[in-house]
Amino acid sequence: MSASKAEVCIVGGGIGGLAAAYELGKRGISSVVLESSERTGGRIKTVRIADCAFDVGAIGLLGSYAQTAALINEVGLGSRLSRAPVMLGVPRNGVLHPLDMGRPLSILRTQLLSGASLWRARKLAGPMIRHWSKLNFESMAGMAPFDAEDVPAFARRELNEELFEYLIGPIARALWQRDPEGTPVVDLFWGLKAFAPTMYAIEGGMDHLTDALAAKVQTQTGATVQTVEETASGARVSYSVNGESRTEDFRACILAVPPAIAARLLQPLPTVLRDAFAALSYACSVNVHFALKKPIGGRTQIIFPPHSETPDLTTV
């Protein structure tokens, strides 16, 4: 099937675009995924060296990603899917303090926080209980009235400096790969709910999922999209493949790309989207991978360093 015969054009061959094409296909709607690079997968990428597989993008899935886990089983990767408890570690003064996410009260047995801070931490329960039903993957609209301060402001108002430095700050830095300053406190609440006591992993590399999806949908790599225009009957997409320019009409177009790229492609850009996209900021992170002969850190799987310990390191 050529792109011109597809009903829907999907721009972006990452997990979002591939999953969208797959779901459309289940409903009998034909689509084509246009990807500018020479590979699909987007931020999911596995590099294999000798007998080691390095996931250089997404390294796993939170245990709350039930729909993604169902998708992995649906495309035939259930035998590769594993689920394990999450054991965090927070260093303080050279000592690594373990935190069992399946047993939150285990923090009471560590020396990470003072007794006064542990007592103060109960103030986290109130807003989490009040907003629990509004913290979901479908929409954060219900939290809009509470989106009035960032993580440091909330932590210093309701908690204390120690809790911010050694618990709230490290969690926010690790989840969002940025300094907590400017991170909305509603994102922290969402992260605390989403960070389930378990995590999923795909044996052999996360790219098994995107490869399985790509094999079930129509994709065109090396396709650089220039513009996407709304028409009376749907959408007109202009793109090039191997230097050949093409313009085709579709019933609809899905932009499965970062907002900055979407803003460049969508013409004319509606004012509400232009303002929303302009307000977004992006974090830059560097991932370094090591192949170790044996595990380090005991039972600890993920380390969240506080800013005072290592200001430029968010996760180990």
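How many bridges join strand β7 (residues 87-92) to β8? Six, and the two strands run antiparallel. Two strands count as paired if DSSP finds at least two bridges between them. Helices (H or I, at least four residues) and strands (E, at least two) are DSSP runs, numbered from the N terminus.

Ground rules, quickly. This is a predicted model, where local features need pLDDT of at least 70, side-chain atom pairs count only at pLDDT 80 or more, and totals for chains, interfaces and linings use all residues. Residues are numbered from 1 along each chain as its sequence is written, and side-chain values use heavy atoms, with hydrogens and water left out.

Back to the sheet. β7 belongs to an open sheet of three strands, in the order β8-β7-β15, with mixed pairing. Its edge strands are β8 (95-100) and β15, each pairing on one side only.

Is His-97 buried or exposed? Buried, with a relative accessible area of 9%. The scale is this: buried is under 20% relative accessible area, exposed is over 50%, and partly exposed is in between (1.4 Å probe, protein chains only). Now its surroundings. Contact means heavy atoms within 4.5 Å. Setting aside neighbours within four places in sequence, His-97 is in contact with residues including Leu-88, Val-90, Arg-92 and Thr-110. Leu-112 is also in contact with His-97. The backbone nitrogen of Leu-112 lies 3.5 Å from a polar atom of the His-97 side chain. For a polar contact, we want a pair of N or O atoms within 3.5 Å; within protein, one must be able to donate a hydrogen and the other to accept it, and residues adjacent in sequence count only if both atoms are side-chain atoms.

Arg-92 turns up again. It lies over the face of Tyr-166, 3.9 Å from the ring centre. The test for a charge over a ring is NZ of Lys or CZ of Arg within 6 Å of the ring centre and within 35 degrees of the ring normal.

Next, another sheet. Three strands form an open sheet in the order β5-β9-β6, and the pairing is antiparallel. Here the edge strands are β5 (61-62) and β6 (81-85), each pairing on one side only. Five bridges join β6 to β9. Among the residues involved, Ala-84 has Met-199 in β9 as its bridge partner.

Now the rings. A search of the whole structure finds five aromatic pairs. Rings of Phe, Tyr and Trp (its six-membered ring) pair if their centres lie within 6.5 Å; planes under 30 degrees apart are stacked, over 60 edge-to-face, and the rest tilted. Take Phe-137 and Trp-190: the centres are 5.3 Å apart and the planes at 85°, so this pair is edge-to-face. Phe-137 lies in the loop between α4 (125-131) and α5 (151-158), and Trp-190 in helix α7 (residues 185-194), so the pair ties together parts 53 residues apart in sequence. Phe-137 is partly exposed at 44% relative accessibility, while Trp-190 is buried at 17%.

Last, the cysteines. The structure holds zero disulfides (a disulfide being a pair of cysteine sulfur atoms within 2.5 Å). Cys-52 is partly exposed at 26% relative accessibility; Cys-284 is exposed at 75%.
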